[in-house]
Protein chains: 2
Amino acid sequence: MLEKFKELKGQSGTHSPSIEVLKKELGCEIKIDACFLSNPYATDLFMDCLFGEKGSENGLRDLFEFYPPQNQDIAKTLSKSLNVSSKNLMIGNGAIELIQAILHRFVKGNISIPIPTFSSYYEFVPDGVQTYKFQLEASQNYRLNLKDYTRFIEENNIHNAVIINPNNPDGGYNTREDLVDFFEQNSHLDNIILDESFIHFAYESDELDLPSLETKLDLYPNVILIKSMAKDFGVAGIRVGYAVMQSNYVRQLLDTGYLWNSNGLAAYFFDLYSNESFKLKYDLVRKKYIMNTIMFINELSRLSGYEIIPTKANFILVRSRFGLTSEELMIELLTRYGIYVRDCSDKIGLEPGYVRIASRRFEDNVVIVDSLKKLQNEYLSV
Amino acid sequence: MLEKFKELKGQSGTHSPSIEVLKKELGCEIKIDACFLSNPYATDLFMDCLFGEKGSENGLRDLFEFYPPQNQDIAKTLSKSLNVSSKNLMIGNGAIELIQAILHRFVKGNISIPIPTFSSYYEFVPDGVQTYKFQLEASQNYRLNLKDYTRFIEENNIHNAVIINPNNPDGGYNTREDLVDFFEQNSHLDNIILDESFIHFAYESDELDLPSLETKLDLYPNVILIKSMAKDFGVAGIRVGYAVMQSNYVRQLLDTGYLWNSNGLAAYFFDLYSNESFKLKYDLVRKKYIMNTIMFINELSRLSGYEIIPTKANFILVRSRFGLTSEELMIELLTRYGIYVRDCSDKIGLEPGYVRIASRRFEDNVVIVDSLKKLQNEYLSV
């Protein structure tokens with residue numbers, strides 16, 4: 001089983017095999033996909049809206065048959081809900097299209113990337129650009145120390161810097177205030193790429209207000225903000241993301257491409273997101289999911305058999321104290337309890353032993369905690 | 001009305017305003033969208049399959065919630081139905097993503113583009129690449145003469161040549177045999193970009209067999225074939241296209257990008273297309289639509305009030321002989337009969353006066369012919 005899994009993983013590059021592939025190839029029943037980083041309550045809300053409004057075959061047909069609106073038309077729609085000028089908005093076929101576009105078009109010379117992190121950031125760097133990996137410290141729970149990062153940037157004469165906040169796979173978070181300080185000190189850089197794909201799960205007070213910096217970027221023209229909407233809105237299959245950047249960059253991209261890069265459902269989603277009533281409902285499910293996640297992490301932290309890394313995202317790194325490798329822990333959870341977690345043994349810059357576990361629905365999180373507890377008790381009682 | 005339309009058109013760049021925008025802004029009822037180039041019978045088939053298999057909210061939810069398969073996984077699926085190795089297949093978020101990728105990554109020096117044609121070909125050419133427009137002759141009904149084109153390529157020391165077959169907006173067609181001759185004579189070019197986005201509507205005998213060259217490209221490594229699936233399969237909103245190219249090019253693109261560029265519905269569509277029973281059903285609706293289009297063009301050619309350009313695509317250029325400009329003809333058809341056609345006054349390289357009319361369902365085509373007849377009779381009887 002372990003060998004077969006390794007083979008499947010090899011075929012998926014630096015990403016985990018999909019649940020469909022696992023079902024087909026390993027024949028194991030997956031009850032909880034805790035590999036998948038999304039808010040399931042937001043998916044419920046999206047499906048309710050879609051089927052409420054476009055529920056018939058004819059309603060959906062329009063979204064599939066006809067050309068969707070062009071990039072700038074969708075940007076105008078999104079502009080209303082973000083309070084960011086459409087001239088600064090670039091719509092992406094998922095955030096990953098924008099990561100690629102920005103790395104290929106605007107990054108020259110060199111780039112610094114804190115590791116461990118989402119692998120596409122270093123995999124998509126084009127030929128001719130040198131990558132400087134900034135190692136996050138295990139002793140600091142992988143939290144990005146912005147002062148150390150600034151020093152690293154100076155010492156290596158870096159032109160372009162990446163920050164993922166909260167970071168994936170560890171969930172390390174920096175406050176808005178600290179980031180603004182970093183922007184001030186690094187205004188000489190060509191580009192600061194700030195990825196806020198997990199920001200909807202972070203918070204700075206018990207109000208759980210959204211701590212995004214997207215409306216503050218007028219003051220920092222070298223900052224490019226990238227935002228996946230797959231995780232927070234639970235719609236990875238419809239490919240939605242955007243970036244906020246200087247208008248000159250948006251124009252350069254649109255002048256020679258990216259004309260019809262959204263599909264019909266994505267266009268529908270952006271329409272929905274510009275609707276006040278949807279936004280209010282979404283904010284409720286966002287906060288509900290954050291509360292669930294906080295409870296989940298709380299329960300996990302009580303399990304003496306595991307180490308965890310503090311997180312402000314919707315996932316958590318977990319390592320056994322009873323001698324299982326990350327792959328063994330993953331296989332045990334999958335085969336005994338039907339829980340699929342992300343084996344992080346391939347994450348460059350991360351110590352061995354960790355799996356990443358996503359927060360799911362309340363009742364699923366209860367099963368995950370119970371299963372981890374059973375597993376630790378079994379191993380520790382031997 | 002004409003002024004308002006011009007304003008809307010200005011906002012859409014070199015593409016026509018969408019039917020949604022027209023409805024909202026002009027308040028006119030559009031009964032037949034003959035601007036839209038697709039086979040409606042194929043959309044019927046797709047919707048039947050989708051709702052037959054995934055008809056419930058839960059079935060569709062899976063396509064929207066989870067990450068779709070990666071590019072190369074979809075290529076493996078498509079490979080089976082095309083009989084082309086997946087190593088030579090690049091999946092696109094619509095053909096337009098591939099046009100952009102190829103122009104930006106593989107075209108160096110200069111490029112020749114026959115005009116009139118689909119505007120993205122010259123609009124997406126990156127800085128530093130010189131564009132040579134090859135004017136198609138009105139006196140030859142805009143049909144691309146491949147011998148003249150070869151001479152033009154030689155005379156201008158061209159490195160990259162584009163051929164769209166059948167061409168848009170005129171529907172001019174070159175046979176497989178003539179294209180193979182052209183490939184033989186131009187094997188020294190860096191790239192020959194062959195766009196077959198309308199090939200499913202073309203035919204070379206009464207069998208109506210598909211005259212694509214995609215399985216013949218092993219012999220011509222400098223040929224890149226681009227294929228939109230929006231028109232023939234009637235699914236513009238789900239963004240599906242592919243390119244066949246040397247494996248080295250596919251690798252270069254995938255090494256630094258294009259990882260998850262298909263959405264869940266697109267992945268479902270490619271699965272469907274690899275299914276033999278679907279392919280048989282599709283071939284029936286493809287041939288039915290070609291027959292309809294032949295009948296439609298036949299009827300149009302009998303109308304003495306209009307000039308037409310011979311076509312092998314699913315659309316036809318039409319010009320009034322009674323003094324209307326293309327914009328006036330478009331507005332007359334829209335306001336009197338609710339028929340929306342493409343005013344081609346902005347098409348570079350096309351003589352003035354033409355509108356492009358798409359073939360639709362049989363009964364819609366009857367209405368279009370009748371409306372054109374009424375219009376001509378009214379004008380000619382004055």
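## A salt bridge in chain A

In this predicted model, Arg319(A) and Glu351(A) form a salt bridge. Their closest N and O atoms are 3.2 Å apart. The pair links distant parts of the chain, 32 residues apart. Arg319(A) sits in strand S10 (residues 315-320) of chain A. Glu351(A) sits in the loop between strands S12 (342-343) and S13 (354-358) of chain A.

Buried means under 20% relative accessible area. Arg319(A) has 16% relative accessibility, so it counts as buried. Glu351(A), at 36%, counts as partly exposed.

## Salt bridges in chain B

Arg319(B) forms a salt bridge with Glu307(B), with the closest N and O atoms 3.2 Å apart. Arg319(B) lies in strand S10 (residues 315-320) of chain B and Glu307(B) in strand S9 (residues 306-308) of chain B, so the pair ties together parts that are 12 residues apart in sequence. Arg319(B) is buried at 16% relative accessibility. Glu307(B) is partly exposed at 24%.

Glu204(B) forms a salt bridge with Arg176(B). Here the closest N and O atoms are 3.9 Å apart. Glu204(B) lies in the loop between S6 and strand S7 (223-228) of chain B, and Arg176(B) in helix H9 of chain B.

## An enclosed strand

Strand S5 (residues 160-164) of chain B has 5 of its 5 residues buried, so the rest of the structure largely encloses it. Both faces are covered. Asn160(B), Val162(B) and Ile164(B) are on one side, with Ala161(B) and Ile163(B) on the other.

S5(B) pairs with strand S6 (residues 191-195) of chain B in the parallel sense, over 5 bridges. Val162(B) stands opposite Ile193(B) in S6(B). With helix H9 (residues 176-185) of chain B, S5(B) and S6(B) make a right-handed β-α-β unit.

Notes:
Residues numbered from 1 in each chain as written. Chains lettered and ligands numbered in written order. Predicted model: local features only at pLDDT ≥ 70, side-chain atom pairs only at ≥ 80, totals over all residues. Heavy atoms only, no water. Buried < 20%, exposed > 50% of the residue type's maximum accessible area, 1.4 Å probe, protein only. Helix = DSSP H or I, 4+ residues; strand = E, 2+ residues; numbered from the N terminus. Pairing = 2+ DSSP bridges. Right-handed = clockwise from strand over helix to strand, strands pointing away. Salt bridge = Lys/Arg side-chain N within 4 Å of Asp/Glu carboxyl O.
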